[in-house]
Amino acid sequence: MTAEIYRDAWGIPHLRADSAQELAHAQGRTTAVDRAWQLEVERHRSQGTSAAFLGAEAVGWDRFARQARLDDTARRCFAALEGRDPETAAWVVSYVQGVNDGLAEGARRAPEFAATGLAPGRWQPWSPLGVWLGTHILFAGFPAKLWREEVVRLLGAEAVELFAMDGPGTSGSNGWLVSGERTVTGQAVIAGDPHRFIEDPGVYQQIRLSCPEFDVIGLAVPGVPGIAHFAHTGTVAWAITNAMADYQDLYRERLRSAGSSVEVLDPDGEWRAVERHVETVEVAGGEPVEVEVIETARGPVVIGGVGAEESISLRYPPRVTEDLGFSALLPLLRAREVADVDRAFDLWAEPVNVVQAADTEGGLLHRVAGRVPVRSEDNRTRVVAAWEPGHEWQGWHEMPCGSFEDGVAVMANQRGPATPLGVEFAPPHRATRIRQLLDGSRKWSARDMPVVHMDTHLASAAALLDRLAALGEGLGLEAVALREQLLGWDRRMDAGSSDAAAYAAVRGAVVRRLAAHPALAVLADPPAYPEVFLPWLALTPRVGLALENLLKAEELYGIERDAVLRDAVEEVAAGRTPGTWGDTHRLAPWRALPDPSYEAPGLSGDHDCVLCTSAVPGLTDLSARGPAARYVWDLADRDNSLWVVPLGADGVPGTAHHRDQLPLWLKGDLAPVATDWNKLTKENHDD
């Protein structure tokens, strides 16, 4: 194969080949060399085999991956892809061959292999599909239905809305498109940042893919060929945000033993045999764990099993359709205009996203893409009874389109074009603030956009501060001083702000006191569900994320919220020490293995800020989620585009490009996109 690998000043790979197939091989190989450890962790997670080298902490995920049949679904989807779209299937195979050709070299670079005793394995043609599925299976937040069941059972149906909020395990994004009528160049600018769990190595890989058919630069998902979410082809660019759609269902199943087989009660009243087998999860340093795998006509059983008090199955689109949407990937790379992007996203499956795109001819696109089943309202909100009729899927929703207002479209996971497809959405604060900032100028340039990325105004603070202002007599002198400090605060969650630290401390104390109140504490002990679902069922984070609702509700189960707030202010006033928000609000990326050399930097921002670096009020100020990348796509000149990731392009600890972008990311600076081959450094070896 003939392929060339170049690097820019940040170590970002720029790949050039004679064909799309050769380019896919080069992308796979380069990714394996740069990120072998990350690729192997993700492959093993999709297979449910990660505990074999990560130990007991990984058993919970492996159990879920086995029971949800992620690897089997990936196999089925690839087999269907071969029949439906052989060109894309062959392209995926080329990528996999490249990964396999580069893994040994990558493993020699990555110290984690020696530390765990893991030997690099061999990728199968369906492995990229498994990685994609494992990465996104929880994006729709189906465990929130388990939470709603508990809320209804213990507090009543009316309480569900009180806790309606972007749940702990979901991911979001900011995205905005400014059309040519509102830019200094007369060409559109697209900007934003995906909010995901920050991982080391990063969940997005900056890369350029060039061959005679296309020349695309963007943010790829390591382990998956092409550039799906954020890209610029030179004549058209696109970006996505999470649509917050609901497209996965949970069914309560009735299972029984029938001799050597297992039967399930179906909606027609008949008991039918279901598939059942047992798999073994190997555990480093521990005993193997057996996992019962059962699948009904609805889907795989992910909670319970034969003899369990409760059994629940999961129905998710790729398991039903045998389609993960990979047929969209090559058409996206080949796109020349907005219409091409639109047609490509017609083939998209999951996760369900809001897409924004623009081209150099003035074309604009704002739409939802993905696959959402049509079914009853109960399916969308609750766990439904599998044996009752009326819960079947009945086709697929048409994907709605969004609008442009005064030449601008803004999406930040709020209610928008995807409203008919979802149940819970993010509060409107980020979207409203982005719109306010963009309305502050009639003309924008690409280099102006970091001002929006880094805005730290916290509109949701009003709910607590308004109550604080209305508190009557009864506060001690130190508490009065704290109250006056907070009422004079500019409501910006800046790392260097002592006022922001004081607000966060009071907020956390309020959350803990509300969660401990007997009226809400009935939710503190969740059912004995698998641990992968527990983040959705933890009371304190739920109270923290829903605090605005809980404080603004007319009545809250007899809780005297002013008394709670008064006690919280007194607590913080009596015990606080001088400090700033950045002292405790620090970046805590997920790593498969601990890194003792890591020093967590302080962060500005918060969950409802445009700079969405999420703490968990009442639990921790550390930020495990935040902007997993920032981008600015300039349609006037691709070389005026900008981007950054939280750490760096290289996944190997200690290398020059492992964390070299972190200072930029912390300050809000972005690196320039470079596309002039003459200004790049060619690697010595050919693919």
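Start by selecting Asp-249: its relative accessibility is 0%, so Asp-249 counts as buried (under 20% relative accessible area; exposed is over 50%, partly exposed in between; 1.4 Å probe, protein chains only). This is a predicted model, where local features need pLDDT of at least 70, side-chain atom pairs count only at pLDDT 80 or more, and totals for chains, interfaces and linings use all residues. Residues are numbered from 1 along each chain as its sequence is written, and side-chain values use heavy atoms, with hydrogens and water left out.

Asp-249 sits in strand β9 (strands are DSSP runs of E, at least two residues; helices are H or I, at least four; both numbered from the N terminus). Now show its contacts (heavy atoms within 4.5 Å). Beyond four places in sequence, they include Ser-313, Arg-315 and Trp-393.

Next, pick Lys-145. Its side chain makes a polar contact with that of Asp-249 at 3.1 Å and another with that of Asp-246 at 3.2 Å. (A polar contact is an N or O pair within 3.5 Å; within protein, one atom must be able to donate a hydrogen and the other to accept it, and residues adjacent in sequence count only if both atoms are side-chain atoms.)

Hop to Asp-246, in the loop between β8 (236-242) and β9 (249-253). Asp-246 is buried at 6% relative accessibility. UniProt's unreviewed entry puts a "binding site" at Asp-246 and Asp-249; such annotations may be inferred rather than shown by experiment.

Last stop: helix α11 (residues 338-345), with buried Val-338, Asp-340, Val-341, Ala-344 and Phe-345. These residues pack against β8, α10 (329-333), β16 (353-359) and β17 (364-369).
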